[in-house]
Amino acid sequence: MSTTPSSGTEPAITATDLGKVYRGEHQNVTALKNLSFSVSRGEFFSIVGPSGCGKSTLLRIIARLIDATTGDFQVNSQDQGRPENSVVFQEHALFPWRTVQDNVEFGLEMRGVPKQERSDTAQDYLRKVGLEGFENLYPHQLSGGMQQRVNISRAFANDPEVLLMDEPLGALDAQTRFVLQEELLRIWNEENKTIIYITHSLEEAILMSDRIGLMTSQPGTLKDVYEVDIPRPRTNKTRNRADFNELHSELWDSLEEEVQASMELRRAESQ
Amino acid sequence: MSIEHDSEDEQLDAGVDTRESSVFSRLPVGEERLISILSPIVFVLLWEATVQIGLLPEAWFPAPSSIFVTLVELLRDGTLIENTTITLRRLLGAFLLAAIPGIVLGLIMGLNATFRAIMDPLVSMLYPIPKIALLPLIIIIFGFGDRSIIVTASITSFFIILLNTMAGVLEIDDVLLEAADNFHAKGFQKFYKVVLPGAMPLIFTGLRLGLGLALIVTIAAEFIASESGLGYFILNSWQILRVENMFAGFIVIGVVGSLLTIGVEKLGDYLMPWRETDTIR
């Protein structure tokens with residue numbers, strides 16, 4: 001249980017002492033405190049924690065959508081032309097006025113990639129998520145699961161150094177979520193990408209990840225980092241393994257305290 | 001609190017409305033369409049009948065049949081066409097004069113907090129004034145005729161377009177703006193490819209409402225500030241006591257108003273094929 005990856009490879013991203021304080025009119029809220037971690041290249045790293053623990057804040061800092069109050073992080077880029085990160089957002093993040101194809105091309109278009117090249121790239125990823133033939137539909141014509149497939153394709157097509165995913169499957173129904181978890185694992189396996197994956201589902205984190213960072217409730221920081229030693233390839237059957245369930249209960253024991261603490265905090269705030 | 005939430009299975013059939021009970025009653029589609037075609041026909045027939053048997057005074061409510069005859073006559077001799085053209089020209093002038101600055105300033109207000117802070121109090125002060133009340137002042141400035149009518153109608157229309165455009169920008173979902181930033185949309189590209197399409201639905205709502213208001217105010221201003229146009233034609237019909245002419249004028253205004261509204265909506269559908277079609281507009 002260390003905050004650095006066990007394998008000796010070069011880290012794709014290293015964060016040191018990240019902190020975030022939101023300044024309010026009456027009081028300041030410390031959302032993140034002393035958060036350090038490092039993710040190696042090609043690793044699938046999940047972050048779980050009670051709601052309100054600052055998972056999304058952390059993701060937005062890494063995505064450079066907001067600034068950290070303290071600390072710093074560094075992404076080691078192999079290729080200067082490549083974007084540092086791309087986010088798979090939670091839901092309703094597709095541009096409603098763009099077709100499926102144009103949504104997937106968006107990042108490439110903004111970076112000035114020529115039309116033919118970005119069209120081919122988008123086709124490629126749409127095929128990978130099984131959305132061939134849906135290229136010309138608009139997001140509102142798609143189911144939630146299909147929308148998230150487009151969302152995932154858009155980020156992969158942008159070919160970033162690190163993929164950031166903010167509970168990408170959280171709003172889907174259980175069956176669709178199971179199917180997409182396997183698909184995401186398959187694509188990750190083919191593409192060999194570094195992924196930081198925010199989720200509130202322990203099952204999901206265990207199924208997908210190489211390592212899982214467990215966050216404390218507010219102020220959020222990493223309580224522990226767990227290695228997931230379950231062999232790959234993993235499928236939905238992996239959930240039935242004994243070691244899966246052992247890790248699940250170990251994680252839950254640790255998380256439960258934080259969930260309780262977070263509920264206490266809310267109760268105190270509402271009084 | 002449950003950590004895994006698995007309770008969203010019921011959304012699978014979200015597209016189909018399977019609910020039986022509701023506060024309002026529903027009709028089968030065919031039945032509803034039939035009723036909505038029949039109701040105006042029955043209304044006109046009833047009107048005709050009540051005038052024919054003398055229940056409605058013909059001096060105020062001429063029979064639909066005689067209104068129709070008058071309408072055809074006035075269309076044939078060019079009176080209605082001429083006045084309609086004049087009104088439409090004024091309306092178009094007023095609409096353009098409202099829409100262009102309304103959209104431009106509305107976009108700036110949406111994008112720039114300082115400009116919004118400056119404009120907000122002015123707009124909230126001026127917006128509630130019924131602009132037709134300004135007509136006498138505007139006549140003093142611009143004189144009797146086209147210019148006063150156009151200015152009055154355009155001021156009315158301007159505010160609703162301005163406010164809807166601003167709201168259109170402000171109501172773009174944050175996550176879309178985050179996505180735009182994350183995928184490195186910058187400057188004009190971000191404006192043109194994210195902000196503008198994002199604000200478009202409300203801009204069009206503003207245009208549709210603005211056009212309707214401009215028509216009302218144009219007609220009203222023509223009562224006073226003009227000796228031509230549909231407004232003048234209706235007022236003049238009253239002065240010479242030709243009630244059928246008045247009704248013919250009402251019909252033309254109704255048709256013009258509906259056609260313009262449908263036109264703006266069709267233009268919106270053409271420019272925004274991505275909109276969900278079953279939204280209430």
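**Reading a two-chain model**

Tutor: Start with one pair: A:Thr14 faces A:Gln74, which lies in strand 4 of chain A. This is a predicted model, in which local features need pLDDT of at least 70 and side-chain atom pairs count only at pLDDT 80 or more, while totals for chains, interfaces and linings use all residues. Residues are numbered from 1 along each chain as its sequence is written, and chains are lettered from A and ligands numbered from 1 in the order in which they are written.

Student: How many helices and strands does chain A have?

Tutor: Helices (H or I, at least four residues) and strands (E, at least two) are DSSP runs, numbered from the N terminus. Chain A has seven helices and nine strands.

Student: Which strands does strand 1 of chain A join?

Tutor: Two strands pair if DSSP finds at least two bridges between them. Strand 1 (residues 11–23) of chain A has nine bridges to strand 2 (residues 28–40), running antiparallel. These two form a hairpin, with four residues between them. Within it, A:Ala15 is opposite A:Phe37 of strand 2. Five bridges link strand 1 of chain A to strand 4 (residues 70–75), again antiparallel.

Student: What is the strand order in the open sheet of chain A?

Tutor: The open sheet has six strands in the order 5-6-7-3-8-9, with mixed pairing. Strand 5 (85–88) and strand 9 (222–227) of chain A have a single partner strand each, so one side of each lacks a neighbour in the sheet. Strands 5 and 6 (residues 162–166) of chain A run parallel and share four bridges. There, A:Val87 has A:Leu164 as its bridge partner.

Student: Which helix packs on this sheet?

Tutor: Helix 4 (residues 144–157) of chain A does, touching strands 5 and 6 of chain A. Its direction makes about 180 degrees with that of strand 5 of chain A. Axes here are lines fitted to C-alpha atoms, for helices over the stretch in contact, and angles run from 0 to 180 degrees between N-to-C directions.

Student: Is A:Asp159 buried or exposed?

Tutor: Count neighbours: a residue is buried if 20 or more other C-beta atoms lie within 10 Å of its own, exposed if 12 or fewer, and partly exposed in between, with C-beta atoms placed from the backbone. A:Asp159 counts as buried because it has 20 C-beta neighbours inside 10 Å. A:Asp159 sits in the loop between helix 4 and strand 6 of chain A. Its phi is near 50 degrees, a positive value in a residue other than glycine.

Student: Which residues have the most contacts inside the largest nonpolar core?

Tutor: In soluble globular proteins, nonpolar side chains tend to be buried together. A nonpolar core is a set of buried Ala, Val, Leu, Ile, Met, Phe, Trp, Tyr and Cys residues joined through C-beta atoms within 7 Å. Here the largest has 118 residues, and A:Leu164, A:Ile196 and B:Ala214 have the most contacts inside it. Helix 8 of chain B gives the largest share, 15 residues.

Student: How many residues of chain B are in contact with chain A?

Tutor: Contact means that the C-beta atoms of two residues, placed from the backbone, lie within 7 Å. By that rule, 24 residues of chain B are in contact with 26 residues of chain A. Helix 7 (174–182) and helix 8 (187–225) of chain B each give two or more residues to this side of chain B. The largest share, six residues, is from helix 7 of chain B.

Student: Where does the cis peptide bond lie in chain A?

Tutor: It joins A:Arg232 and A:Pro233, with omega about 0 degrees. A:Pro233 is in the loop between strand 9 and helix 7 (242–270) of chain A.
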